[in-house]
Amino acid sequence: MDRAGEGWHFSFDVGAAAGGWPLPCHFVVRDGVSQAGALVRADQPWGDAQLAELYDAFVFDGDLPLYLDLAREYGQRVLEIACGSGRVLVPLAQAGFDVVGIDVSPHMLALAQAKLSSALRARLVQADMRDFRLDEEADFDLAIVAVKSFAYLTEPDDQLSCLRQVHAHLRPGGLLAIDFMHPLPEWVAAAPGAMRDDLLQRVPARGYTLSRIESVVSNDLAQQVRIIRSAYEIIDDHGVVVAKRFVEWPYRWTYRFEAEHLFARAGFSVEAVYGGYQREPFTSTSAAMVFLARKSATRL
């Protein structure tokens with residue numbers, strides 16, 4: 001995957017990976033220089049086949065009831081932006097909704113495709129969330145951007161471009177549901193080197209325990225961008241770490257009224273902001289900001 005002006009390119013050895021785990025540590029090219037090893041630096045991690053597999057191993061479904069309820073309320077046609085490995089898209093399709101998912105990562109889309117049967121009304125499209133174009137313009141009832149995927153867009157112009165593309169693909173009066181992290185002061189103030197035990201799960205289907213620890217590499221308060229280092233460990237039942245993978249990637253945090261301003265510029269009117277997936281009131285201590293924004297008749 002290339003991102004214009006940033007010099008990143010990923011190379012994958014598909015044949016070497018075909019034998020199953022452990023996958024090789026692929027190399028990353030920045031500005032024409034190849035670097036091998038267990039560290040990936042990327043504008044989003046899921047262009048790496050191994051990291052996509054690791055992401056897919058974690059189980060999370062806390063937001064699914066919300067998105068299923070919204071689809072029942074607002075209509076049959078659902079568009080998911082940054083659908084990844086199908087964590088939200090597949091249950092929506094299984095519930096009978098007509099779903100289209102876009103994602104920039106071919107590896108994530110391959111994982112999603114493997115979960116879909118031909119009987120389900122679902123379509124996967126490899127596309128960038130900033131400039132995607134689908135045949136179904138002005139056709140979707142509901143658009144979803146889940147699990148804070150919007151934070152991969154580190155430039156305000158890219159954020160606005162994404163929202164305008166979503167606006168173009170929704171029917172008049174269609175709804176956008178989008179999940180942001182609420183940047184609490186203590187999170188923003190974390191110093192470089194600060195660490196948190198992010199996830200630890202046993203994965204019975206794969207026969208291992210998966211751990212993810214995140215640390216702060218740097219914080220740019222002026223740009224509202226944090227470089228995060230995620231350390232993935234695969235641990236067997238004897239407690240032995242059998243594989244380890246690091247990825248560094250930028251995460252842009254967005255404040256509530258900054259987000260509302262972006263929605264207004266893209267032609268949306270905010271109908272609600274919740275502090276969680278059960279439509280809890282948004283407060284100063286909420287961990288999440290879940291917005292419901294309606295497509296306005298005209299775009300400003």
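# Close-up views

**Figure 1. At a relative accessibility of 13%, Arg77 counts as buried.** Throughout these legends, buried means under 20% relative accessible area, exposed means over 50%, and partly exposed lies in between, with a 1.4 Å probe and protein chains only. Residues are numbered from 1 along each chain as its sequence is written, and side-chain values use heavy atoms, with hydrogens and water left out. This is a predicted model, in which local features need pLDDT of at least 70 and side-chain atom pairs count only at pLDDT 80 or more, while totals for chains, interfaces and linings use all residues. The side chain of Arg77 meets that of Asp139 in a salt bridge, at 3.1 Å from N to O; a salt bridge here is a side-chain nitrogen of Lys or Arg within 4 Å of a carboxyl oxygen of Asp or Glu. This pair connects distant parts of the chain, since Asp139 belongs to the loop between strand 7 and strand 8 and Arg77 to strand 5, 62 residues apart. Helices (H or I, at least four residues) and strands (E, at least two) are DSSP runs, numbered from the N terminus. Asp139 is partly exposed, with a relative accessible area of 34%.

Figure 2. Glu233 lies in strand 12 and Lys244 in strand 13, 11 residues apart, so that the pair links distant parts of the chain. Glu233 counts as buried because its relative accessibility is 19%, whereas Lys244, with a relative accessible area of 37%, is partly exposed. Elsewhere, salt bridges with shared partners join Arg77, Asp98, Arg123, Glu136 and Asp139 into one network. Another salt bridge brings together the side chains of Asp128 and Arg130, at 2.5 Å from N to O, and Arg130 is buried at a relative accessible area of 18%. Over the whole structure, a search finds 24 salt bridges.

**Figure 3. An open sheet of five strands has the order 4-13-12-11-10, with mixed pairing.** Strand 4 (39–41) and strand 10 (195–203) are at the edges and have a single partner strand each, so one side of each is left without a neighbour in the sheet. From one strand to the next, the twist averages 20°. Two strands are taken to pair if DSSP finds at least two bridges between them. Strand 12 (residues 225–235) and strand 13 (residues 241–252) run antiparallel and are joined by 11 bridges, and at one point in this region Val225 stands opposite Arg252 of strand 13.

**Figure 4. Seven strands make up an open sheet in the order 7-6-5-8-9-15-14, again with mixed pairing.** Its edges are strand 7 (122–126) and strand 14 (268–274), each having a single partner strand, so one side of each lacks a neighbour in the sheet. The twist from one strand to the next averages 20°. Strand 14 pairs with strand 15 (residues 288–295) in the antiparallel sense over six bridges, and Val290 in strand 15 is the bridge partner of Tyr274. Helix 5 (residues 106–115) lies across strand 6 (98–103) and strand 7, and runs at about 165° to strand 7; such angles run from 0 to 180 degrees between N-to-C directions, with axes being lines fitted to C-alpha atoms, for helices over the stretch in contact. Helix 6 (residues 156–169) lies across strand 5 (77–81), strand 8 (140–145), strand 9 (170–181), strand 14 and strand 15, at about 145° to strand 9.

**Figure 5. Helix 8 (residues 256–266) has Ala259, Leu262, Phe263 and Ala266 as buried residues.** Viewed down the axis of helix 8, its buried residues fall within an arc of 100°, so they line one face of the helix; the arc is that of the directions from the helix axis to the C-beta atoms. The cover over these buried residues includes helix 6, strand 9, strand 14 and strand 15. The exposed residues Phe257 and His261 are carried on the face of helix 8 turned away from its buried side. After helix 8 comes Gly267, whose phi is positive, near 100°.

**Figure 6. Gly96 lies in the loop between helix 4 (89–94) and strand 6.** Gly96 is partly exposed, with a relative accessible area of 25%. Apart from neighbours within four places in sequence, Gly96 is in contact with Gln76 and Arg121, where contact means heavy atoms within 4.5 Å. Gly96 and Gln76 are 20 residues apart along the chain, and their C-alpha atoms are separated by 8.2 Å.
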